[in-house]
Amino acid sequence: MASASIPASPSPWTTPHPSPPPTYSPPLSFPPPEDLVPTVTRLHDIYSSVDLPHQTSRWHALVARFKALYDRPMTFVARSPGRVNLIGEHIDYSWFPVLPMATVHDVLVAVCVLPQNDPVADDRIILSNVSSSKYPTRVFNTRDFQDPFFEISTTGTDVDWSAYFLAGLKGALMFSKLCAAETSPLPTMRILVDGDIPPCAGLSASSAFVCSSLLAVLAATTSSMIEKSFLVNSSVISERVLGVNSGGMDQAASVFGVRDHALLVDFRPLVSAKPVRVLDTVPPLCFVLANSLVVAANRAETGPDTYNVRVVETVLAAEILARKYNVGRLEIRDGFGGTLRGFYDRVCEQEGWTMGDRESEERAVREVVRRVQETFDRDQYSLDEVAEKLGQKTEDMVRKYMTRFPIRAKYLNLRDRSIHVIEESFRVKCFSSLLASSTVHLRTLSGSESRPYFDALGALMNASQASCANFFECSCPEVDELTQIARRYGAAGSRMTGTGWGGCTVSLVRADKVADVINGLKKEYYAVRYPGLSASQLEEAVFAIRPGNGTALAKIEDV
Ligand code: GLA
């Protein structure tokens with residue numbers, strides 16, 4: 001499969017596809033192994049030695065449950081992790097680079113493919129989930145699909161868990177040869193899912209599930225190599241059926257994840273991820289995750305008031321800025337509209353600025369922010385006012401930008417959203433170059449000397465949090481409070497991570513302060529707001545995390 005940027009296509013399942021969908025074709029030349037989704041044979045290839053004991057018993061249980069349920073051994077497991085974003089929030093859909101990492105927590109999709117001549121082969125896909133023991137309040141009914149062209153219902157609040165699998169399945173059908181021959185039956189499949197990414201916490205459990213489902217169906221239906229960039233792009237598009245115009249960070253973090261590394265994910269010209277090692281300091285640099293237990297914004301329910309509105313605000317801001325400053329037509333992202341990165345790059349081109357060093361970047365950021373402020377002199381504009389700035393009729397603007405993904409908004413804030421995006425992109429550059437220089441610090445710094453280094457990283461995270469709260473308005477009081485407590489107990493920096501409006505915070509903490517920060521959060525947040533939590537619920541709500549490995553196809557010989 002050739003690498004490609006995320007194709008510009010309408011949502012494939014709400015609008016008839018104008019031409020035959022792309023077919024799956026193996027790459028013409030062999031891509032380097034690091035560009036392919038790996039097939040692993042040992043759990044050690046996925047998890048570090050710290051996580052192996054727990055993961056080994058989890059996988060043992062999965063194997064046993066699979067056998068008991070289907071009376072067949074599983075053929076393979078498609079595994080995709082969740083993600084924690086370190087910095088660069090809500091800028092991926094403006095095409096600016098972001099810096100997430102994959103989690104050790106993941107979604108496992110265990111599959112048995114039954115050959116046509118198997119006495120039990122019946123062309124059905126049976127899908128079960130073992131997660132109900134972990135999440136007793138959630139419903140994971142077994143589903144039995146006989147028709148491959150299933151309907152996915154995403155209406156209202158009632159999205160069945162299987163919709164994420166179906167999104168992956170449909171994506172695989174769309175991108176594989178199967179869609180060229182509609183009559184080809186899917187093979188008979190028995191599937192068991194086990195996820196341990198906390199749901200509704202903004203850690204991208206749904207993207208991990210879609211990625212691993214898509215990979216599972218591809219692995220069941222083709223023997224070709226699967227390129228990581230292909231899996232990222234097709235997962236992003238597959239997930240759109242669930243009603244969100246997401247930017248691609250979650251899928252990229254999940255697929256490209258590398259143990260002990262953050263990932264500098266870029267989207268232009270192609271989606272790519274550069275691993276940046278994070279643990280080489282003295283004392284080691286750690287991250288603490290704390291779940292506010294406030295349900296993060298989600299697609300079907302709150303997306304139309306939150307996430308989807310932000311996407312539209314940033315696109316409209318880019319289009320209006322491009323028009324006002326005559327920078328030419330912006331490259332269109334995903335058939336939708338221009339991006340703030342497009343505008344930023346055009347300004348730099350026009351000014352003849354060669355970028356690369358901190359001073360030039362800072363000058364460009366200042367100039368683009370100045371133009372944003374000049375263009376939008378207040379924080380709220382009615383739809384009519386925005387349309388006027390865009391030079392379009394309101395109904396045309398609404399049809400073009402506000403119908404493909406549902407939106408509920410009477411006023412838009414183009415100024416503050418744009419300032420956040422532009423300044424946050426600069427913080428990502430500063431943060432990633434500091435991280436990349438951590439090996440220098442390992443050699444030269446120890447103990448108290450490393451403090452300014454931690455503080456510099458932490459200050460960028462704190463500034464990101466302030467901008468998310470004040471300019472992008474995607475935090476919430478509970479998340480703000482968690483970040484303040486973490487800082488009081490010694491975190492160098494703390495911020496929301498992921499979609500926001502709830503969900504988790506990530507704090508940067510020196511190893512010798514991790515226990516203080518975790519205990520402080522337990523005492524001042526959880527004991528006050530959630531006094532009834534059991535010890536194990538607390539352990540699941542606040543813990544130290546390390547970057548984990550990315551998506552893999554597992555054919556484990558001796559679990
Ligand atoms: C969600 C989306 C991502 C990204 C984040 C915010 O997780 O899926 O693409 O936009 O929100 O940074």
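**Note on salt bridges and the ligand site**

1. Glutamate 385 and arginine 378 form a salt bridge in which the closest N and O atoms are 3.2 Å apart. This structure is a predicted model. Both partners of the pair have intermediate accessibility: glutamate 385 is partly exposed, with a relative accessible area of 29%, and arginine 378 is likewise partly exposed, at 36%.

2. A second pair consists of glutamate 367 and arginine 370, whose closest N and O atoms are 3.0 Å apart in a salt bridge. The two residues lie three positions apart in helix 9 (residues 358–375), and they are therefore separated by about one helical turn. Glutamate 367 counts as buried because its relative accessibility is 16%, and buried means under 20%. Arginine 370, with a relative accessible area of 38%, is partly exposed.

3. Arginine 240 forms a salt bridge with aspartate 334, and here the closest N and O atoms are 2.3 Å apart. This pair links distant parts of the chain, the two residues being 94 residues apart. Arginine 240 belongs to the loop between helix 4 (228–239) and helix 5 (249–256), whereas aspartate 334 belongs to the loop between helix 7 (307–324) and helix 8 (340–351). Arginine 240 and aspartate 334 are both buried.

4. For the structure as a whole, the search finds 41 salt bridges. A network of salt bridges links Arg58, Arg79, Asp106, Asp194 and Asp196.

5. For aspartate 92, a polar side-chain atom lies 2.5 Å from a ligand oxygen. For tyrosine 307, the corresponding distance from a polar side-chain atom to an oxygen atom of the ligand is 2.6 Å. Threonine 499 also has a polar side-chain atom at 3.3 Å from an oxygen atom of the ligand. On its own the ligand has 310 Å² of accessible area, and the protein covers 98% of it.

How values were computed: Residues numbered from 1 in each chain as written. Predicted model: local features only at pLDDT ≥ 70, side-chain atom pairs only at ≥ 80, totals over all residues. Heavy atoms only, no water. Salt bridge = Lys/Arg side-chain N within 4 Å of Asp/Glu carboxyl O. Helix = DSSP H or I, 4+ residues; strand = E, 2+ residues; numbered from the N terminus. Buried < 20%, exposed > 50% of the residue type's maximum accessible area, 1.4 Å probe, protein only. Polar contact = N/O pair within 3.5 Å; in protein donor to acceptor, adjacent residues only side chain to side chain. Areas by Shrake-Rupley, 256 points an atom, 1.4 Å probe, with all protein chains shown as cover.
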